[in-house]
Amino acid sequence: MTINEIIQTAVIAAIKELYGETISSEQAAPAVTRKEFEGDFTIVTFPFTRFAKKKPGEIAAELGAHLVKNVPQLDRFNVVQGFLNLVVADSFWTDFLAQIAGNEHFGRLPKNGQKVMIEFCSPNTNKPLHLGHVRNILLGWSCSQICEAAGYEVKKVQVVNDRGIAICKSMLAWQKFAEGATPESTGIKSDHFVGDWYVLFEQKFQEEYRAWQASAAGQRVLGEKRKPEQSDEQFFKDFKNSYFNEHSNLGGEAREMLLRWEAGDPDTKALWQQMNQWVYDGFGATYEALGVSFDRFYYESETYLLGKDIVEQGLASGVFYKKEDGSVWADLTDAKLDHKVVMRSDGTSVYITQDLGTAQMRYKDFGTEKMVYVVADEQNYHFQVLFEILKRLGEPYAAGLHHLSYGMVDLPSGKMKSREGTVVDADDLIAEVIAEAKEASKERGELAELSKENQDDILRKIGLAALKFHIIKVGPQKRMVFDPKESVDLQGQTGPHIQYAYVRIKSVLRKAADLGLEPSAIRPDRMSGQSAIEPQERELIAQLYRLPATVETAAANYDPSEVANYCYDLAKAFHKFFTDLSILKADTEVAKAFRLQLCGAVANALRTGMGLLGIEMPERM
RNA sequence: GGCUCCGUGGCUUAAUUGGAUAGAGCACCUGACUACGGAUCAGGAGGUUAAAGGUUCGAGUCCUUUCGGAGUCACCA
């Protein structure tokens, strides 16, 4: 039982005994006492006035006396207004520290026997990854790490959008203009190479479109279709898709290519495979740079026909209905989700049909009780519909579905738009934060005597810590403004600030070892006698104590920012402790050993917590 | 227009899910090492939590309305 649970059950029992009322565990839950008051946990007694018929302060006093008498872990209490502040005995904290000291797995919960699948990243294969993908990947990755630490068996999967008109554009442009160039021959990273052809296609298409606008044919269409309130410019902007589909030569060629692909034309398939392979190689390098990996890739080219049997089932069971033209719909109006097409009148599937099929397929593959989709909030409606349909179909995993919806990333200059070239490229970004770390490190000169290899490894860890922490510390649902300048900050509420706490500990532990003070030689039984701990020490231990609960709630909420905030708070408490109290020159040998042990435990917790965010800790910096 | 989400000092954000005087960081100002790493710490200034009502012992959090921003409402993905 945790101390929280001990207090909670004691409060319930005490209220029952004192006032004869059975209260909910919610009402008995202790909160963390605010810093300005003495105490570790606080019980709010206002709700008890209803049945106790006494003033909150009196209840708090009675309850406090009762608890301190009956709960050995509690030392004393004080009452401020209706708030009962409980002080946990020092021995409880020192015992706890002795218990976790040296346990590198502290913070990781035992296996719970459940499986969760987390889908994230899911890129298109026609261009390189950008900042939006980075947020997605970091969220997905840290969620998977957190779930694993919370006891789940985790499957990390990705759906690759490897087919469709977009990749055909890259293919066509390469075929027409590349003259056999390859990533190898040009020295361009292979996913960027493919993206370049996509960009070229768009340029050529724009040229063609502009020429057409001035032509007789273009002017004729303008005359026929322009609405009175539209300017010529606005008309052509809105008409772009129709032009692509109905008039454009390049558009026609791209669509023909898609048809050939769907017909299984060998040459087209070969080219498609080549282009995609280039992209995968490039993505792979980016994933590696970010330190993430996947257990399974699903390819849209293999899943886009799925789901038709589900449609049949749904029709049979009355979840779907068929219109006269043959299209199939789900009526979700009673869930305020309107009507939704699940199959076109020509019998082909739409996006959501595929997702229905994919969900079923993945359940068959892994049998996971929970499935999490890390997808931007622009698809909120889509997932509401998807989950609602799966629920109505009676799928066994329907209750465990979750859309981890996150806000899009904006730049200080506004929205990222690939067409306008305002996207921040993932590879550039990674290189930039590492370069920035290098710059800062040069000024400090701490790493000078280390090997080049060692230095590079450290700088990589620092740069990525800055980037990752900057993104993950923000709650997922919040739309965020990404300022590249701030993302490379190394001071304040940042990844490197937390790494620095770890590095300081490592440095002290090295010095301690030189002095013959091996933390491993410190016996827990010797520590538990330690009493009268300093407030800074107490704060640190209490903070350590919260790690498992933090992991648990972060997993339950699928919210990595909770772990990020925890790490920051812990590092902050450590820095305070470190400047206020001397470790190696503590007054007594016991105090020295105690503080060393505390340092070791903090280092472990920091490494574990940051590890859950995909952030590595350097030994020096 | 319907539905959904967001709005917290100049900027970026937190608030243990309804609890105490809204907590941090950046930027600004002032201090702190012949001491274990100053990428640190302490202090100062900066707030009507977009606005107005309501619910109650208690509201940044829940309800209503208004304002502002975003997303979505395809036989696209």
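**View 1. Glu38 and Arg76 pair up in a salt bridge, with their closest N and O atoms 2.5 Å apart.** Here a salt bridge means a side-chain nitrogen of Lys or Arg within 4 Å of a carboxyl oxygen of Asp or Glu. Glu38 sits in the loop between strand S1 (31–32) and strand S2 (41–44), while Arg76 belongs to strand S3 (residues 74–80), so the contact ties together parts that are 38 residues apart in sequence. Helices (H or I, at least four residues) and strands (E, at least two) are DSSP runs, numbered from the N terminus. Arg76 also forms a salt bridge with Asp75, and there the closest N and O atoms are 2.6 Å apart. Glu38 is partly exposed at 40% relative accessibility, Arg76 is partly exposed at 38%, and Asp75 is partly exposed at 41%. On this scale, buried is under 20% relative accessible area, exposed is over 50%, and partly exposed is in between (1.4 Å probe, protein chains only).

**About the model.** This is a predicted model, in which local features need pLDDT of at least 70 and side-chain atom pairs count only at pLDDT 80 or more, while totals for chains, interfaces and linings use all residues. Residues are numbered from 1 along each chain as its sequence is written, chains are lettered from A and ligands numbered from 1 in the order in which they are written, and side-chain values use heavy atoms, with hydrogens and water left out.

**View 2. Glu300 and Arg163 meet through their side chains in a salt bridge (3.4 Å, N to O).** This one links distant parts of the chain: Glu300 is in helix H14 (residues 300–303) and Arg163 is in the loop between strand S6 (153–160) and helix H6 (165–177), 137 residues apart. Glu300 counts as buried, with 9% relative accessibility. Elsewhere, Asp334, Glu388, Lys391 and Arg392 are joined into one network by salt bridges that share partners. A search of the whole structure turns up 31 salt bridges.

**View 3. Val44, Phe46 and Phe83 make a nonpolar surface patch of about 220 Å².** Patches are built from residues with over 30% relative accessible area and no salt bridge; like charges are joined within 9 Å, and nonpolar side chains (Val, Leu, Ile, Met, Phe, Trp, Tyr) within 5 Å. The areas come from the Shrake-Rupley method with a 1.4 Å probe, and for residues, only the protein chains shown count as cover. Phe83 is part of strand S4 (residues 83–88), and at 30% relative accessibility Phe83 is partly exposed.

**View 4. Asp428, Glu432, Glu436, Glu439 and Glu443 gather in a negatively charged surface patch.** Glu436 is in helix H18 (residues 426–444) and counts as partly exposed, at 35% relative accessibility.

**View 5. Asn454 and Arg620 are 166 residues apart in sequence, yet 9.9 Å apart in space, C-alpha to C-alpha.** Asn454 lies in helix H19 (residues 452–472) and is partly exposed at 34% relative accessibility.

View 6. Chain A has a mean pLDDT of 91, and 98% of its residues reach 70 or more. Where pLDDT is low, the predicted coordinates should not be read in detail.

Note on methods:
Lys, Arg positive; Asp, Glu negative; His and termini not counted. Charge placed at Lys NZ, Arg CZ, Asp CG, Glu CD. pLDDT = per-residue confidence, 0-100.
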